[in-house]
Amino acid sequence: MIIIRHWGWYKMSKQRPTLLITGGAGFIGANFVVHMVNTYPDYHILNLDKLTYAGTLENVKEVENRPNYSFVEGDIADSILVKSLFNEHNITGVVHFAAESHVDRSIEDGTSFVTTNVLGTYTLLEAAKEAWGKADLLSENRFHHISTDEVYGSLGNDGMFSEETPYDPRNPYSATKAGANMLVKSFGFTYGMNIVISSCSNNYGPKQHQEKLIPTIISNALAEKPIPIYGDGENIRDWIYVEDHCNALDTIFHKGKVMESYNVGGRTEKTNIDVAMKICDILDRMKDDLDISSNIGSFKDLITFTKDRLGHDRRYAVDDTKIREQLGWAPEISFDEGLKKTVDWYVDQWTKVAP
Ligand SMILES: NC(=O)c1ccc[n+]([C@@H]2O[C@H](COP(=O)([O-])OP(=O)(O)OC[C@H]3O[C@@H](n4cnc5c(N)ncnc54)[C@H](O)[C@@H]3O)[C@@H](O)[C@H]2O)c1
C-alpha cells in the first residue's frame, strides 16, 4: 500500500531537487530527516519508510508540516513504487537508511533482513541507475549507503577497524549489510554510479527503539524490572551520539569522494556493563524527581546477567582518522553529555505514558 502525505507539495515538487531518504521514520533516519529539513530549506526531503515495528511517524512529527518535507509509506523492495518515485520527483540524491536493524531478530529469523537489506538495496540501486542513466547523471547524482562497523566482524583486545579491513560479518544482520555494501560498490564499478558508503559504530540518543541496549536499560530501570545484560557484560562497543552521526553523514553526503567508504566512530569504547552502570548512576541522581513506587536503593541492583547472545561479537572499535583528516569532521558530544541527554529524553517520554 502506498500512502502519500502532503499532496500539494507532492505535485509541486517535480522540478525541485529532491533528496530521497529511506528509513526516515526509524531512529537514525528520523534524526537525519529533521537535521536535513532544518538545515537545507532548498532541498525537498522525501522520506520513504515502510513503518515496520521499528518506524513511527512520531519520530518526524516536528517536520511533518514543513513545506520542504513529504512522506511516502512503502517498501524499498517494491520496484514499481520506487521507480514511480524516481519518475515523479527530481531525485538528485539518495541517503539509504532503511533496514532491518536488530541483530537478535536476525538470529531468530533472517528472512526480512535479506529481503529489505539486500533486495531492497538492489531495488533502490536499479531504480536510481535507470532514472539517472537516462539523464546522463549517474556520475553526478549521489547514492549514499548507511552501513555499520559490524560488517568488519569482531576484534580482540587490540586493533581497530579501518576502511581497508576486509568484511567478515558474523551474524545474519551484518551479513546482509555487508551484502548491501557489495551491491552498492558494484554499481559504482560497473555503471559508474556516484556511490559513497559510511560505516558507523553504535549510535545512541533520542528516538531509538525500545529493544536496543540503552533504551532497554533505561526503560527497565524506570519500570523497576531486571536490567538484562548479555553474558559477562564485558562486550565492548564504540558509542556515538546520533546527532554527531547525522553531522558526519551530512559531511560525507556533500563532501565525500566518489567510490569511497568512511568509518564514523565516537572513540568511546565502553563495555556493556559500564554503560548500564553509568545509566544507573544518572538515574540514581534523578531518583527523587522520578515517580518510583518502591524503595529501590540503587538502580544497579536491577542489573541481571543473562545467557549470552549467539555468536556475540566481543569488541568493535572504529578508526575514523579518514573522515577526520580528509573531511574535517569530529564528534562534538561527549559520552557523559550524550547519555544524560538520552536519559532525559526517555524519562520525559516515560512520564508522558506512565499511568
Ligand atoms: N543503530 C545503530 O547503532 C546503527 C549503527 C550503524 C549503522 N546503522 C544503520 O543505520 C540504518 C538505520 O538504523 P536505525 O538504528 O535507525 O534502524 P531502525 O530499525 O531504528 O529504523 C529502520 C527504519 O527502516 C524502516 N524500514 C524497514 N524495512 C523497510 C522497508 N522494507 N522499506 C522501507 N522502510 C523500511 C523501518 O520502518 C524503520 O523506520 C540501518 O541501515 C542500520 O544498519 C545503525
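**The ligand site and the other spaces**

Analyst: A nitrogen atom of the ligand lies 3.0 Å from a backbone N or O atom of K50, which is a polar contact (two N or O atoms within 3.5 Å). The model is predicted, so local features need pLDDT of at least 70 and side-chain atom pairs need 80 or more, while totals for chains, interfaces and linings use all residues. Residues are numbered from 1 along each chain as its sequence is written, and side-chain values use heavy atoms, without hydrogens and water.

A polar backbone atom of G26 is 2.9 Å from an oxygen atom of the ligand. The side chain of D75 has an N or O atom 2.9 Å from a nitrogen atom of the ligand. Alone, the ligand exposes 840 Å², and the protein buries 97% of that (Shrake-Rupley method, 1.4 Å probe).

Around the ligand stand 28 residues, the closest being D49, F97, S101, Y173 and K177; a residue counts if one of its heavy atoms lies within 4 Å. Of this shell, twelve residues are nonpolar, twelve polar and four charged (Asp, Glu, Lys and Arg are charged; Ala, Val, Leu, Ile, Met, Phe, Trp, Tyr, Cys and Pro nonpolar; the others, including Gly, polar). The elements α2 (27–39), β6 (142–148), α6 (172–191) and β8 (202–204) each give the shell at least two residues. β6 supplies the largest share, three residues. Helices (H or I, at least four residues) and strands (E, at least two) are DSSP runs, numbered from the N terminus.

Y173, one of the residues closest to the ligand, also belongs to an aromatic pair. The structure has 13 such pairs (Phe, Tyr or six-membered Trp rings, centres within 6.5 Å; under 30 degrees stacked, over 60 edge-to-face, the rest tilted). For F113 and Y173 the ring centres are 6.5 Å apart and the planes stand at 80°, so this pair is edge-to-face. It connects distant parts of the chain, with F113 in helix α5 (residues 111–134) and Y173 in helix α6, 60 residues apart.

Next come the spaces found on a 1 Å grid over the protein atoms alone: in a cavity a 1.4 Å probe fits but cannot get out, a pocket is open with protein on both sides within 12 Å along at least five of seven lines, and lining residues have an atom within 4 Å of a point. A volume is the space filled by probe spheres on points joined across faces, edges and corners.

The second largest pocket has a volume of about 190 Å³. Its lining includes N31, V34, H35, E62, P206 and K207, as well as Y241, V242, E243, C246 and N247. Two or more lining residues come from each of α2 and α8 (242–255), and α8 has the largest share, four residues. Five of the lining residues are nonpolar, three polar and three charged.

Cavities of 30 Å³ or more number two. The largest cavity holds about 40 Å³ of space and is lined by K83, F86, N87, A127, E130, A131 and K134. α3 (79–88) and α5 each contribute two or more of these residues, with α5 giving the most, four residues. The lining of the largest cavity has three nonpolar, one polar and three charged residues.

The second largest cavity contains about 30 Å³ of space. Y152, E163, Y167, K185, S199 and S261 line this second cavity, and they divide into two nonpolar, two polar and two charged residues.

How values were computed
Polar contact = N/O pair within 3.5 Å; in protein donor to acceptor, adjacent residues only side chain to side chain.
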